[in-house]
Amino acid sequence: MAYLAITHLEKSFGPTRVVKDFSLDVDKGEFISLLGPSGCGKTTVLRLVAGFETPSAGSIHIDGQDVTALHPNQRNIGMVFQSYALFPNLTVAQNVGFGLKVAGMARGEAAARVDEMLRLIGLPELGARYPFQLSGGQQQRVALARALAPRPRVLLLDEPLSALDAKIRVSLRQEIRQIQQQLGITTIFVTHDQEEALSMSDRVVVMNGGIAEQVGVPFDIYNRPATRFVAGFVGTHTAFDAQVTDAAAGEVTLGGTRVHLGQRLAAAQGEIIHLALRPEAAHLGRAEGRETVLSGQIAQVNFMGSIIRVTAMVGEAALTLDMFNRPDTPPPPVGSTVDISVAARDFIVLNAG
Amino acid sequence: MTDRPDTLEPELVSPAPTVPAPTAVAPRRRRVGPALSWVFFGLGMVYFALPLIGMFEFSLRKRRGTYSFDAYTSVLSDPQFQATFSYSVVMSLVTIVLGMALVLPAALWVRIRLPAMRPVVEFITLLPLVIPVIVIAFGYLRMFNTSSFLPMTGTATGTNILLAFGYATLALPYMYRAIDNGLRTLDVQTLTEAAQILGAGWFTILFRIMLPNVFTAILSGAFLTFSIVLGEYVFAALLDRPAFGPYMIWTGGNRAYEPAALAVIAFSITWGCMGLIQLAGRLFPHTRASR
């Protein structure tokens with residue numbers, strides 16, 4: 001059995017099923033992100049693991065122990081909240097030591113552990129301050145130290161970076177990942193930010209409508225999205241409808257052009273399948289190794305600094321492609337007709353989801 | 001873990017806001033506004049202060065032809081004053097503890113578990129303001145008289161307990177609002193969950209997290225309760241208890257200058273309580289965050 005085993009978890013609020021038959025096995029020391037839009041059920045799953053909600057069905061096991069019916073204070077889980085949730089009446093050191101005091105740890109031992117935790121988060125000199133005397137980033141670090149101090153079996157992070165500004169978010173996510181790897185603590189991280197999820201996690205669970213649409217390593221989630229939803233939610237893509245002409249040979253017709261996808265298709269001849277293409281997979285103009293050439297009309301050009309995002313109409317589809325910004329290569333004018341070359345292997349075949 | 005961008009300093013330094021150049025009309029408007037405010041403030045002060053000054057001046061006239069504190073000496077040396085005042089102080093302390101024990105967990109529970117019930121609970125806590133005290137007192141007497149199933153009025157201790165419950169009912173609107181306002185400034189739900197996940201039970205959450213964070217609010221409620229109990233007449237008179245309220249009424253009917261002295265003393269106690277509320281706020285460093 002996995003270290004953290006979530007099995008057929010269900011949660012309904014009245015008639016609304018928020019989590020539907022959710023199962024997930026997490027190995028010890030693994031960093032898992034639950035990624036999805038608002039209302040997809042990711043926070044509910046986290047709260048079910050924490051014990052703040054009671055599941056309508058299913059079970060949760062940690063290290064072989066069934067914790068489904070246990071209260072939050074009996075589970076030995078650490079949690080960091082989006083709003084920090086530091087106790088305003090306690091100093092930083094008292095906040096970090098709160099769980100240790102509750103557990104009845106000896107004063108000297110607790111003080112040493114608090115000191116160790118404050119050093120871990122890089123704030124050893126701020127123990128005497130109150131939460132209101134800290135910046136947002138510092139408060140969240142203290143919240144992390146407080147969650148880690150009692151040596152929890154699992155660490156839950158509920159959108160801990162959402163309330164911070166962009167620059168701190170990037171630096172803090174690196175620190176969180178570094179600390180997690182250093183301690184080897186099993187972690188579940190909830191976020192709606194795909195960049196956070198992809199950059200921090202060992203595996204990502206993309207959730208939609210209370211179910212896990214896809215579970216995989218970040219590389220697979222981005223490059224081989226299983227469903228249309230995953231392709232659309234993680235990164236940008238252009239969706240195409242293509243007609244299967246030879247399923248065994250992986251041949252389809254796309255906007256009048258025959259394309260060899262290079263893989264056997266699980267569809268009947270004549271059937272319409274969904275393809276996706278990432279912006280970085282399409283190239284403006286003809287290029288070696290990109291055997292499929294589509295003709296398109298430039299509809300929009302967005303200058304984004306290091307890259308230029310170009311939208312071209314290919315038949316009915318609005319194809320998005322990225323080109324590196326070079327001062328000697330200006331983007332094509334809007335309305336011009338261009339060739340767009342694609343390697344057939346870069347087309348992603350999507351399931352219906 | 002070095003070279004952190006989020007130190008305190010950048011947040012403390014904010015660029016000076018760009019203020020548009022004032023027009024010729026704006027300064028005149030600004031001058032008229034504060035002046036009018038001061039006039040109204042002065043009128044208000046006179047309206048409130050004049051009767052108090054008059055009362056204080058009257059309380060000093062006991063000795064003919066000269067001002068003296070004779071009325072105060074007379075009141076303070078009266079054994080009945082000492083007995084009734086002490087009784088009411090003890091009763092108010094009991095009421096405060098009773099009210100807190102009742103209201104704090106209830107307000108917390110409503111905020112965490114039964115937010116939909118908040119309007120109902122607020123309505124219930126307002127009832128003592130709507131129902132005349134004499135109705136509540138007669139209700140108590142009917143429910144707990146010597147021939148009832150719970151004859152609390154049969155003994156002095158029983159009647160004292162009944163009086164404390166009556167006072168707690170009277171103080172309910174003030175105590176509940178004070179504590180609820182205190183809880184409103186906190187993210188009670190998340191703080192509770194944060195404490196729970198760290199292993200805390202309800203007792204720890206209540207006494208180590210919630211109570212210190214709403215302590216100033218509780219003190220406000222406590223001092224309001226103290227003031228109400230000190231001056232309360234109907235309950236004490238109908239239950240025939242030696243409280244300060246009936247003593248004040250009795251003195252008012254039988255003495256000339258002492259009632260004014262008593263009123264000044266009562267006012268001083270109330271103002272002293274308000275000063276203590278302010279002082280208490282400064283004693284807790286974490287409450288500076290909201291300033």
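Student: Before anything else, what is a salt bridge here?
Tutor: A salt bridge is a side-chain nitrogen of Lys or Arg within 4 Å of a carboxyl oxygen of Asp or Glu. Keep in mind, as we go through the examples, that this is a predicted model.

Student: OK, and how many salt bridges are there over all chains?
Tutor: Searching the whole structure turns up 23 salt bridges over all chains. One of them pairs R203(A) with E30(A), where the closest N and O atoms are 2.5 Å apart.

Student: Where do R203(A) and E30(A) lie in chain A?
Tutor: R203(A) belongs to strand β9 (residues 203-208), while E30(A) is in the loop between β2 (16-26) and β3 (31-35), so this pair ties together parts of chain A that are 173 residues apart in sequence.

Student: And is E30(A) buried or exposed?
Tutor: E30(A) is buried, because its relative accessible area is 10% and the cut-off for buried is under 20%.

Student: What about R119(A), which residue does it form a salt bridge with?
Tutor: Its partner is D115(A), with the closest N and O atoms 3.3 Å apart. Both residues sit in helix α3 (residues 107-120) of chain A, and because they are 4 residues apart there, about one helical turn separates them. R119(A) is exposed, with a relative accessible area of 52%, whereas D115(A) is partly exposed at 32%.

Student: Now E175(A) and R141(A): what do their side chains form, and where are they?
Tutor: Their side chains meet in a salt bridge, at 2.8 Å from N to O. E175(A) lies in helix α5 (residues 166-183) of chain A and R141(A) in helix α4 (residues 136-148) of chain A, so the pair ties together parts that are 34 residues apart in sequence. Both E175(A) and R141(A) are buried.

Student: Which residues are joined into one network by salt bridges that share partners?
Tutor: That network is made up of R111(B), R118(B), E122(B), D180(B) and R184(B).

Student: Changing topic, which residues touch the most other members in the largest nonpolar core?
Tutor: That core has 83 residues, and those touching the most other members are F22(A), L34(A), F87(A), L156(A) and M210(B). Leaving aside neighbours within four places in sequence, M210(B) is in contact with residues including L108(B), L183(B), V188(B) and I205(B). Another core, of 34 residues, lies apart from the largest one, and L86(A), V96(A), L144(A) and I176(A) are among its members.

Student: Last one: where is T91(A), and is it buried or exposed?
Tutor: T91(A) is found in the loop between β6 (77-80) and α2 (92-102) of chain A, and T91(A) counts as buried because its relative accessibility is 11%. Not counting residues up to four places away in sequence, T91(A) touches G127(A), A128(A), R129(A) and Y130(A).

Note on methods:
Residues numbered from 1 in each chain as written. Chains lettered and ligands numbered in written order. Predicted model: local features only at pLDDT ≥ 70, side-chain atom pairs only at ≥ 80, totals over all residues. Heavy atoms only, no water. Helix = DSSP H or I, 4+ residues; strand = E, 2+ residues; numbered from the N terminus. Buried < 20%, exposed > 50% of the residue type's maximum accessible area, 1.4 Å probe, protein only. Contact = heavy atoms within 4.5 Å. Core = buried A, V, L, I, M, F, W, Y, C linked by side-chain atoms within 4.5 Å.
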